[in-house]
Amino acid sequence: GLMARTLALNFGVHADNYIAVNMRTFTEIVEAVGGIYVTLPQTIDGRAADQPDRNDLVFSAGTHFLDGKQALQLARLRPNGTLDRTKAQNQVLCGLYDKIVSPSIVTNIPAIIHAFENNIQTDLSPAQISQLSCLGTQITGSNITFLNWPEDIFKGTRVNDSILGRTFILDVDFAVIRDYV
């Protein structure tokens, strides 16, 4: 997959296996499992100044039941910047994990994956996915670790891009990133 090749090319890291989905497929997967629960430690308000009535962009602290569209909306919000968005994405992924390993869903995972096989990039076989589904029920949420980049290694700046024109980027010392990877 593209992500595995990117990691290998840029960092010399070779992923054992990978699964990648696009946004539309992510929404459909959340719908296929019947929605997810997400608990937010603080309110996330993704409204711009000219969007005071967009209540769909506000997720208050606490537990929410989200359908596919809402889960994707939460995962895409970045009111405090791109790096802060990863925290909400981690919460959404944890909610999806909890639903996928629930007894009512886990036996349906191979069929769900099969239903989306043309929209999912993976090097796992259907048999391996079935084995992982069974193994997933043995893993508790406390055994999952999400790693994010330290925010202080990035510097926001503007550059001139030949396609986008003057655009904002997060600049970072590539050697520092390589060390983290």
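Predicted model: local features only at pLDDT ≥ 70, side-chain atom pairs only at ≥ 80, totals over all residues.

Colleague: Which residues of helix α2 are buried?
Modeller: Helix α2 spans residues 23-32, and its buried residues pack against β1 (19-21), β2, β5, α3, α4 and β6 (120-122). Buried here requires under 20% relative accessible area. The residues of α2 that are buried are Thr25, Phe26, Thr27, Ile29 and Val30.

Colleague: What is the relative accessible area of Thr25?
Modeller: Thr25 belongs to helix α2. Beyond four places in sequence, Thr25 is in contact with Phe116, Asn119 and Ile120. Thr25 counts as buried because its relative accessible area is 0%.

Colleague: Which residue caps the N-terminal end of α2?
Modeller: The cap involves the backbone nitrogen of Arg24, which has a side-chain oxygen 3.3 Å away. Beyond the other end, α2 is followed by Gly34, with a positive phi near 85°. The residue that caps the N-terminal end is Asn22.

Colleague: Why are the buried residues of α3 said to be on the same side of the helix?
Modeller: Helix α3 comprises residues 68-76, and Gly68, Ala71, Leu72, Leu74 and Ala75 are buried in it. An α-helix has 3.6 residues a turn, so residues three or four places apart point the same way.

Colleague: What do the buried residues of α3 pack against, and how is the start of α3 arranged?
Modeller: At the start of α3, a side-chain oxygen of Asp67 comes within 3.2 Å of the backbone nitrogen of Lys69. As for packing, the partners of the buried residues are α2, β2 (36-40), β3 (44-45), β4 (58-59), β5 (62-66) and α4.

Colleague: Lys99 is buried; how far away is the nearest side chain of opposite charge?
Modeller: Lys99 is located in helix α4 (residues 82-100). A salt bridge would need a nitrogen of the lysine side chain within 4 Å of a carboxyl oxygen, and Lys99 has no salt bridge. The nearest side chain of opposite charge is that of Glu31, at 9.9 Å.

Colleague: Which backbone oxygen lies 3.0 Å from a polar atom of the Lys99 side chain?
Modeller: Not counting residues up to four places away in sequence, Lys99 touches Val33, Gly34, Gly35, Ile36 and Ile105. The Lys99 side chain reaches the backbone oxygen of Gly34 at 3.5 Å. The backbone oxygen at 3.0 Å is that of Val33.

Colleague: Is the aromatic pair of Trp149 and Tyr180 stacked, tilted or edge-to-face?
Modeller: The whole structure holds three aromatic pairs. In the pair of Trp149 and Tyr180, the centres are 6.4 Å apart and the planes are at 85°. Planes over 60 degrees apart fall in one class, so the pair of Trp149 and Tyr180 is edge-to-face.

Colleague: How many residues apart are Trp149 and Tyr180?
Modeller: Trp149 is in the loop between α7 (126-136) and β7 (155-161), while Tyr180 is in helix α8 (residues 174-180). Trp149 is partly exposed, at 36% relative accessibility, and Tyr180 is partly exposed too, at 47%. The pair links distant parts of the chain, 31 residues apart.

Colleague: What distance separates the C-alpha atoms of Leu135 and Val101?
Modeller: Leu135 sits in helix α7 and is partly exposed, at 45% relative accessibility. Along the chain, Leu135 and Val101 are 34 residues apart. The separation of their C-alpha atoms is 9.1 Å.

Methods: Residues numbered from 1 in each chain as written. Heavy atoms only, no water. Phe/Tyr/Trp six-rings, centres within 6.5 Å; stacked < 30°, edge-to-face > 60°. Helix = DSSP H or I, 4+ residues; strand = E, 2+ residues; numbered from the N terminus. Buried < 20%, exposed > 50% of the residue type's maximum accessible area, 1.4 Å probe, protein only. Lys, Arg positive; Asp, Glu negative; His and termini not counted. Polar contact = N/O pair within 3.5 Å; in protein donor to acceptor, adjacent residues only side chain to side chain. Contact = heavy atoms within 4.5 Å.
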